[in-house]
Amino acid sequence: MDTERGGDVLSHVLATYKSERAVTARFSLTAPWALHSTGVDGPLIRMCTGAPYWIAVDGAEPVVIAPHDIAMLPQGSAHTVSSAPGLEAEPFRDLIAAHLVGRHGDHPIVFSHGGGGPATELFSLHLWMPAEGLGSIIGSLPPLIVLRQAQIATTASLAQTMESLVNATIAQRPGWQLSAARMADLLLVHILCEHLYAQPQDRQAQQTGRLRGLDDESIARAMSLMHERPGHPWSVATLAQASYLSRTIFSERFRALVGVTPMHYLGSWRMTLAAEKLKNRQLSLHQVAEAVGYASEKAFSRAFQRWTGMTPSAYARQHGGPASG
């Protein structure tokens, strides 16, 4: 694979996928214990010290997580964490509500819970992400990603970074909220990079959707071009030519690997970029439309409303907005 090309695509995607804030938590848990989350908006990262624990995404078999392994739920899926499989779980929300100070995310959440047996210190990081980001690479990831310290050398340093981040936020020194959000973004990037470039024997089972596209030299080249020049009038024919494939083979391979057609992928990427640009007060609606390949504000507005369910003007007002229409 052309790894430089693939890496470029991942960087382009994640550059627009910044967390608005990060909610940190540290739970001191003693066996037996079991807690169920109904899910959250945005990625959720967990790491433990002490005794291992089990995590089960709703509808899936439980998976054991060793100390300093990294577990990430990219879409914040509903799940259960426990000291052992099969225990009756209590709702996370009840314990969080009992220890919540102010608005969710304004303060880290810290509590102790359990039956007094072997202790697990569970560190959690919840990234609050813009809704438009869900249409990018995150939406095509599996519901649970696990980085094993025993298998991936960098996992130990990522776990140490996460532990230090959570502990630093608990101290709530000036600037901790911004620091948490930025460090959370970096952790997300590193976790995704490790997942993308997992050992070959693991990749087939782990990799789906857009990540599979990055692992094919020709498709990665086309994806990179779309990300580098979103305003260019790309067509299936020009993308196929740039990928050194026939139109038919390119279209079939792109859809098989990425899960959508090339034009659907391009449209989704353009709308993700547009949503980010609409937050910039220095850009007019015309400038935003032109930057993502639309000569007509009307055509852009129709496409954006289909994608988000709201007009560009309404979205801009809600998120900061361009200076003029």
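Rings of Phe, Tyr and Trp, the last taken by its six-membered ring, count as a pair if their centres lie within 6.5 Å. On that basis, ring pairs join Y294, F300, F304, W307 and Y315 into a cluster. The model is predicted, with an average pLDDT of 84 for the protein.

**Confidence**
- A pLDDT of at least 70 is reached by 83% of the residues.
- Residues 1-7 stay under 50 in pLDDT, and the model gives this stretch 12 contacts beyond four places in sequence.
- Residues 199-208 also stay under 50, with 15 contacts beyond four places in sequence.
- Where pLDDT is low, the predicted coordinates should not be read in detail.

**Aromatic pairs**
- Eight aromatic pairs are found in a search of the whole structure.
- One of them is F254 with Y265: the ring centres are 5.8 Å apart and the planes lie at 70°, so the pair is edge-to-face, given that planes over 60 degrees apart are classed this way.
- This pair links distant parts of the chain, since F254 belongs to helix 9 (residues 247-258) and Y265 to helix 10 (residues 262-277), 11 residues apart.
- F254 and Y265 are both buried.

**Nonpolar cores**
- The largest nonpolar core has 25 residues, and those touching the most other members are I45, I70, L125, M162 and I191.
- At least two residues of this core come from each of strand 3 (44-50), strand 6 (70-73), strand 10 (119-128), strand 11 (145-147), helix 3 (155-171) and helix 4 (176-196).
- Helix 4 supplies the largest share, six residues.
- Beyond its neighbours within four places in sequence, I45 is in contact with I70, A71, M72, F123, S124, L125, L127, M162, L187 and I191.
- Another core, of 22 residues, lies apart from the largest one and includes L29, L73, F92 and F111.
- In soluble globular proteins, nonpolar side chains tend to be buried together.

**Packing of helix 7 and helix 10**
- Two packed helices are described by the angle between their axes and the distance between the axes.
- For helix 7 (residues 217-228) and helix 10, the angle is about 30° and the axes are 10 Å apart.
- Their crossing is right-handed.
- On the helix 7 side the residues that meet helix 10 are M223, M226 and H227; on the helix 10 side they are P262, Y265, L266 and W269.

Conventions: Residues are numbered from 1 along each chain as its sequence is written. This is a predicted model: local features need pLDDT of at least 70, side-chain atom pairs count only at pLDDT 80 or more; totals for chains, interfaces and linings use all residues. Side-chain values use heavy atoms; hydrogens and water are left out. pLDDT is the predictor's confidence in each residue, from 0 to 100. Contact means heavy atoms within 4.5 Å. Rings of Phe, Tyr and Trp (its six-membered ring) pair if their centres lie within 6.5 Å; planes under 30 degrees apart count as stacked, over 60 as edge-to-face and the rest as tilted. Helices (H or I, at least four residues) and strands (E, at least two) are DSSP runs, numbered from the N terminus. Buried means under 20% relative accessible area, exposed over 50%, partly exposed in between (1.4 Å probe, protein chains only). A nonpolar core is a set of buried Ala, Val, Leu, Ile, Met, Phe, Trp, Tyr and Cys residues joined through side-chain atoms within 4.5 Å. Axes are lines fitted to C-alpha atoms, for helices over the stretch in contact, and angles run from 0 to 180 degrees between N-to-C directions. A crossing is left-handed if the near helix is turned anticlockwise from the far one by less than a right angle, and right-handed if clockwise.
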